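I have the coordinates open and want to jot down what I look up as I go. Pairing comes first, then confidence, then the contact between chains.

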Amino acid sequence: MQKWLKRALTVSLGLALAVISAGGQTRTYRAPRAADGKPNFNGIWQALNEAYWDVEAHAAAPSPVLELGAAHAVAPGLSIIDGATIPYKPQALAKKQENFANRLKLDPEIKCYLPGVPRANYMPYPFQVIQGPKYIMMIYTFAGAVRTIYMDAHKEAPADSWMGWSNGHWDGETLVVDTTGFNDQTWFDRAGNFHSDALHVVERFTAASRDHLLYEATIEDPNVFTRPWKISMLLYRRLEKNAQIMEFRCVEFVEELIYGHLRKKPSR
Amino acid sequence: MNHRFLVLVGSLVVPAAVTWLSTMPVAGQTRSAGARTSGSSAKTYTAPRTPDGQPDLQGIWSNTTITPLERPKDVTKEFFTREEALEAAKRVAAQEEEQTEPGTVADVHYDFTQFGLDRSQAAMALNLRTSLIFDPPDGRLPPLSAEGQRRAAERAAARKSRGGLHDAVQNEPLGARCILMDRNGPPMLGGAYNNGYQIMQAPGYVMILTEMLHDVRVIPLDGRPHLPPNVRQWTGSYRGHWEGQTLVVETTNLTDKFAFQGASENMRLTERFTRVDDDTLRYQFTVEDPATWTRPWSAEVPWKKDVGPLFEHACHEGNYGLYNTLAGARAEEKRAAEEAAKKRSPK
């Protein structure tokens, strides 16, 4: 067979497989492969949206801290939620509103706590994927958070944690990550959107081009929501030649805020 | 959930325990049994290769050791015999076991033997060295340079002027504050427990995850320049390359706030990772800092393959120990002031 014909057939077969595996959705992109033949998601990625302020649609608003003025004002953004709003149970909605009202006191981001999932993925900082056949690591800038995704030996979470316990598998072109074992301490954004320790997140990472990943997550928590709900967004590859995850060891930045009132009073 | 397991998790996030153990004097500590790790074993072993051709260092490793950084003054040789080393390991195990009194508070907080966190139950590579430092050959830190002495005095004076250890959170040790564990550096030295590390390799990168504080270094291998000199990081600017079977990681841009063993922020660290057999990684490092020491010095710790998995060490998030230490100090002051007032005006 002529070389060009062979190549053309191989490419179209690949495309056909990608379309089939994406469950009937029209996708024409097939990611470059890692050494084990799986789509290669190694790289430094970052969301480019305003969901870190509020996953629901929101207008621009003043900064919650007067002194920061426009520099830390709420950036306006559209909803990342399929169906626009979070299907809270009535009591949970009241708690969300209370969280919002007291966000300067309650938002775990302010205290440099591990951000949880999915929040870690759309904070305004890059994260790096290191991919292997047995583990896929996600290394986040914020608070130096890290996730290990177990690809081969799936296990139950040994205990609850901030970033949860993640088992992964490949569904054709898509990396599917199933995470449980969360505590009830993390939020979804700076607007007080929250969950309980029954949170279950199923994420789907699919290459949309060489430099874009489609990120989708289904969020389930029968204690807080009336039904599972879904978010989606794009993640963008950081293409700068010198891109790297830099240190953001924020504990030091929040010590005075958390422990300052326990400072010894000057003796008279 | 199992109560014992909760206690275990609790103990992992109590930095007071971490500090207590990492500063715990282990008198007469020596080294457990095994082969010398400084020799030429690497030359007879060829590590498997990753698909992109790097020597494969991947896996979960433990750098648990009972060998002191510096050779004890009463030890004059570089290596123990196997028998001496076994005897020393037994002594250390007995000491760590004695630190728990059953049925006491210490039993709840510090029973590391029960939870398998003591060193005798940890994965520990064979090492006959009498000190981790192998250069200078006397196994001890070189003398401080004049500048090093001056800075040590200045730092001591600055510490004193900040007041007591518990006067403010900023006076507490970095480990108790969950900012950086001295023992995890870099350089990475073992502590009393939780000495787990995970190495992963992807084309162009080596990742090292330290279980303590979930510290991660993603080390680029593409020869890129270091961070600009004004950018200082707790773990510095790290760049790696391969020299034969050895991963060499060079680190600069450290911060004055860490000061490993009293070093200056201009300390230059070179770490070398060599897989010497399927289960052992030889970790060597060299510290160059003329602003502190009269000559460079080098140490070596063998790492042993471990089973894992590593678990999230959310130290800051559960740092009740730090809060209670500070709150306790303030309560003590209040009580002392009230007692003094009562003495002045007895009823």
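I started with Thr174(A) and looked for its bridge partner in β7(A), which turns out to be Thr206(A). Keep in mind that this is a predicted model.

Next I widened the view to the two strands. I find β6 (residues 174–180) and β7 (residues 200–209) of chain A running antiparallel to each other, paired over 6 bridges. As a reminder to myself, strands of a sheet pair through backbone hydrogen bonds, in either the parallel or the antiparallel sense.

Then I followed the sheet around. In chain A, 9 strands close into a barrel, and I noted the order as β1-β2-β3-β4-β5-β6-β7-β8-β9, with mixed pairing. On average, neighbouring strands of this sheet are turned by 30° against each other, ignoring direction.

Confidence check: I get a mean pLDDT of 92 for chain A, with 90% of its residues at 70 or more. The stretch I flagged is residues 13–24 of chain A, where the pLDDT is below 50, although the model gives this stretch 16 contacts beyond near neighbours in sequence.

Last, the partner chain. I see 31 residues of chain A in contact with 38 residues of chain B. Which elements of chain A give two or more residues to the side that touches chain B? I list β2 (127–131), β3 (135–140) and α4 (251–259). The largest share comes from α4(A), with 4 residues. Sorted by class, I have 17 nonpolar, 8 polar and 6 charged residues on that side of chain A.

Definitions and conventions: Residues are numbered from 1 along each chain as its sequence is written. Chains are lettered from A and ligands numbered from 1 in the order in which they are written. This is a predicted model: local features need pLDDT of at least 70, side-chain atom pairs count only at pLDDT 80 or more; totals for chains, interfaces and linings use all residues. Two residues are in contact if their C-beta atoms, placed from the backbone, lie within 7 Å. Ala, Val, Leu, Ile, Met, Phe, Trp, Tyr, Cys and Pro count as nonpolar, Asp, Glu, Lys and Arg as charged, and the others, Gly among them, as polar. Two strands pair if DSSP finds at least two bridges between them. Axes are lines fitted to C-alpha atoms, for helices over the stretch in contact, and angles run from 0 to 180 degrees between N-to-C directions. pLDDT is the predictor's confidence in each residue, from 0 to 100.
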